[in-house]
Amino acid sequence: MCVASNQFAIKMIGTKITRYNSLESTNNFVAKQLIDGLYAKGEVVLARFQTEGRGQRGSSWQSLPGDNLTFSFALPSNFLNIHAHFILSKAVSVAIYEMLSASALSDVRIKWPNDILVSDHKICGILLETKVVNSEKHTVVGIGLNVNQVDFDPGYKATSIALQLGRPVDLDSVLKELIGSLNQYLNPVLAGYFDDVEFRYQTALYGAGHWIQFSEEHRSFQGQIKEVDNEGVILVKSKQGQTQSYRAKEVKISY
Ligand code: BTN
């Protein structure tokens, strides 16, 4: 699929990396910079520690200081119509998926809507937030990737690159690889070319081609993913043969 191209495609993500020891939340910081006109295109804002790191659905994002990558950047997203905005989330997920797979991690999957799993344990969370500044839409992309943390709350199925490889890794090398991958998969999308990301996303989806467990507010059921569209809506076939669509707030995938 091709839509109107976007000037941003020629600018690289991460040409400028600004590091902070501690921020409330890198997403909040980038959003404020956009509003104040201080955000440099492509800038990556990274914090060693976030005092109020945020996750999906109003949750918090916990990460031990200095162990992991927690960073954000903004993309101009005016060129995407409201029915296509989820392609940015797909491209970010694919970029993380490909980078981890190339780093010798096995069984990496993208879990709809915004998680990356390794062997059924969460290794990365993504938070995309759209802001309108001076009538222009921008999407703030926040990434929390577990790199060297080895102790996690036992109630939480989490993992890290170090746990998977059995040794600590250099944070800056992981950041460099990840930024390279983000440019590789986001720039074509920003230029209007969706097909490669679309194919890779559907192939890498957790549960693709299998029966998996979904839960709604009052029931859980087995289903098979038929598709995730570019509005972020998931199409699920039930064992009874009906196909139903859900938005991210309406259903959860159990893993
Ligand atoms: C989730 O899985 O719930 C999404 C987690 C997103 C966490 C990242 S860390 C960097 C950025 N700043 C935040 O406050 N959140 C995102």
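What follows are my notes on the ligand site, the strands and a few backbone spots.

**Entry 1: ground rules**

I am working with a predicted model, so local features need pLDDT of at least 70, side-chain atom pairs count only at pLDDT 80 or more, and totals for chains, interfaces and linings use all residues. I number residues from 1 along each chain as its sequence is written, and side-chain values use heavy atoms, with hydrogens and water left out.

**Entry 2: the ligand shell**

I found 20 residues around the ligand, with S25, Q50, R54, Q56 and K122 as the closest. How does the shell divide by class? I get twelve polar, five nonpolar and three charged residues. For the bookkeeping, Ala, Val, Leu, Ile, Met, Phe, Trp, Tyr, Cys and Pro count as nonpolar, Asp, Glu, Lys and Arg as charged, and the others, Gly among them, as polar.

Next I looked up polar pairs. My cut-off for a polar contact is a pair of N or O atoms within 3.5 Å; within protein, one must be able to donate a hydrogen and the other to accept it, and residues adjacent in sequence count only if both atoms are side-chain atoms. A polar backbone atom of R54 sits 2.7 Å from a ligand nitrogen. The side chain of Q50 brings an N or O atom to 2.9 Å from a nitrogen atom of the ligand. For T26, a polar side-chain atom is 3.1 Å from a ligand nitrogen.

I then checked the cover: the ligand taken alone exposes 410 Å², and the protein buries 98% of that. Those areas come from the Shrake-Rupley method with a 1.4 Å probe; for residues, only the protein chains shown count as cover.

Which elements give two or more residues to the shell? They are α1 (26-35), β3 (69-76), β6 (121-133) and β7 (136-145). Helices (H or I, at least four residues) and strands (E, at least two) are DSSP runs, numbered from the N terminus. The most comes from β6, which gives four residues.

**Entry 3: E129 on β6**

I stayed on β6 to look at E129, which is found in that strand. Is E129 buried or exposed? E129 counts as buried, at 16% relative accessibility; buried means under 20% relative accessible area, exposed over 50%, and partly exposed in between (1.4 Å probe, protein chains only). Its side chain makes polar contacts with the side chain of R54 at 2.8 Å and with that of N27 at 2.9 Å. Not counting residues up to four places away in sequence, E129 touches N27, R54, H138, T139 and V140, where contact means heavy atoms within 4.5 Å.

**Entry 4**

I walked along the strands next. Two strands pair if DSSP finds at least two bridges between them. β4 (residues 108-111) runs antiparallel to β5 and is joined to it by four bridges. I110 has I116 in β5 as its bridge partner. Three residues make the hairpin link from β4 to β5. The loop between these strands holds P113, and the peptide bond from W112 to P113 is cis, with omega near 0°.

β5 also pairs with β6, antiparallel and over four bridges, with I116 opposite C124. What covers β5 (residues 115-118)? Both of its faces are covered: D115 and L117 on one side, and I116 and V118 on the other, are all buried. In a regular strand the side chains alternate between the two faces of the sheet.

**Entry 5: positive phi**

The hairpin of β5 and β6 has two residues between the strands, and S119 in the turn has a positive phi of about 45°. In the loop between β5 and β6 I also noted D120, not a glycine, yet with a positive phi of about 65°. D120 is partly exposed at 31% relative accessible area. N134 lies in the loop between β6 and β7 and, though not a glycine, has a positive phi of about 50°. N134 is exposed, at 71%.

**Entry 6: the open sheet**

Last, I traced five strands that form an open antiparallel sheet in the order β11-β10-β9-β8-β12. Its edge strands are β11 (243-246) and β12 (252-253), each pairing on one side only. β8 (residues 212-215) and β9 (residues 220-228) share four bridges in the antiparallel sense, and I212 has G223 in β9 as its bridge partner.

Key: Near = heavy atom within 4 Å.
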